[in-house]
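My notes follow the order in which I checked things.

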Amino acid sequence: MLQRPLKVAIHKLTSCSGCQLAFINQGPKLLKLLEFVEFTHFIEAGLFAPDQEVDVALIEGSVSTHDDLKRLVNARQRAKLLVSIGACATSGGVQALRNMADDKENWKRAVYAHPEFIEELQDCTAVATHVKVDFELWGCPVTQQQVTECLRQLHAGVKPKDNAEKLCMECKRQGNVCVLITQQAPCLGPVVRTGCGALCPSFGKACYGCFGPSEQPNCESLTNRMTGFGLMPNDIVHRFAAIHSQSPPYQQQIARWRLQDLEGSD
Ligand code: SF4
Ligand code: SF4
């Protein structure tokens with residue numbers, strides 16, 4: 001256990017800042033955290049010192065631009081441990097959808113008033129594609145409990161553990177009626193990790209997969225079942241690509257069903 005506060009920097013790459021906001025929104029509980037954490041760099045909270053040496057660098061956001069990559073390498077060099085937080089950092093996030101576009105320039109023109117100012121990398125990728133990551137916290141956004149627990153464990157010298165249990169387990173514990181069985185809704189619960197408290201199924205909606213792949217996800221079996229509900233290959237691609245398109249188990253299904261889609265349209 002450290003006998004001094006853990007020095008922590010929170011870096012933002014390409015992201016909506018939602019993970020930082022979810023963390024900062026805990027309000028007064030954040031003051032309690034300051035008993036064992038010293039934040040050095042945390043732009044959302046008004047602290048700017050990206051070049052300080054720290055114990056832990058938390059990275060929010062995907063690597064989408066040359067500048068992201070430069071700042072990520074700098075953060076890695078200055079931190080003993082690096083933790084990626086949120087869907088963007090762990091698997092590219094929503095913005096990684098552009099990796100699948102055949103004509104990226106068209107997308108750019110459709111989104112930005114002045115596309116000539118955009119200097120992006122060819123693909124939008126997860127942090128672990130570029131530097132060593134010591135630990136990952138999944139979610140879109142991550143919860144403040146996940147981040148706090150991780151920092152507490154690192155201060156105590158314990159290896160952090162994120163909960164990778166399937167969402168279905170939490171959903172069942174809450175006594176929800178299963179929308180996959182009763183409505184044939186394309187719920188991702190069987191292959192998604194818990195973290196949201198089974199929010200969508202608790203309101204009769206299918207899970208969108210905000211928290212990314214669970215432990216041992218049997219995506220092949222679930223997608224086969226989805227075709228039985230009448231989903232077309234492209235519907236399945238959309239389901240798996242929305243938030244975590246760069247995570248290997250979902251990537252496999254995206255590739256598999258895109259191929260089926262292409263073969264079907266020949
Ligand atoms: S993971 Fe979600 S909430 Fe967090 S920064 Fe990315 S888009 Fe925003
Ligand atoms: S509603 Fe979804 S998360 Fe809940 S048990 Fe059914 S498949 Fe699993």
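I looked up A9 and found that its bridge partner in β2 is H41. This is a predicted model. Strand β1 (residues 6–12) and β2 run parallel, and five bridges join them.

I then traced the whole sheet. It is open, has five strands in the order β2-β1-β3-β5-β7, and pairs in parallel. I noted β2 and β7 (135–137) as the edge strands, each pairing on one side only. From one strand to the next, I get an average twist of 25°.

Next I checked what lies across the sheet. Helix α3 (residues 66–77) lies across β1, β3 (54–60) and β5 (79–85). Relative to β5, helix α3 runs at about 135°.

I turned to the rings. How many aromatic pairs does the structure hold? I count four. One of them is F23 with F39, which is edge-to-face, with 6.0 Å centre to centre and 70° between the planes. I noted that this pair links distant parts of the chain: F23 sits in helix α1 (residues 18–24) and F39 in strand β2 (residues 37–42), 16 residues apart. F23 and F39 are both buried.

Last, I checked accessibility. F39 has 12% relative accessibility, so F39 counts as buried, the cut-off being under 20%. F42 is also buried, with a relative accessible area of 2%.

Definitions and conventions
Residues numbered from 1 in each chain as written. Chains lettered and ligands numbered in written order. Predicted model: local features only at pLDDT ≥ 70, side-chain atom pairs only at ≥ 80, totals over all residues. Heavy atoms only, no water. Phe/Tyr/Trp six-rings, centres within 6.5 Å; stacked < 30°, edge-to-face > 60°. Helix = DSSP H or I, 4+ residues; strand = E, 2+ residues; numbered from the N terminus. Buried < 20%, exposed > 50% of the residue type's maximum accessible area, 1.4 Å probe, protein only. Pairing = 2+ DSSP bridges. Axes fitted to C-alpha atoms, helices over the stretch in contact; angles between N-to-C directions. Contact = heavy atoms within 4.5 Å.
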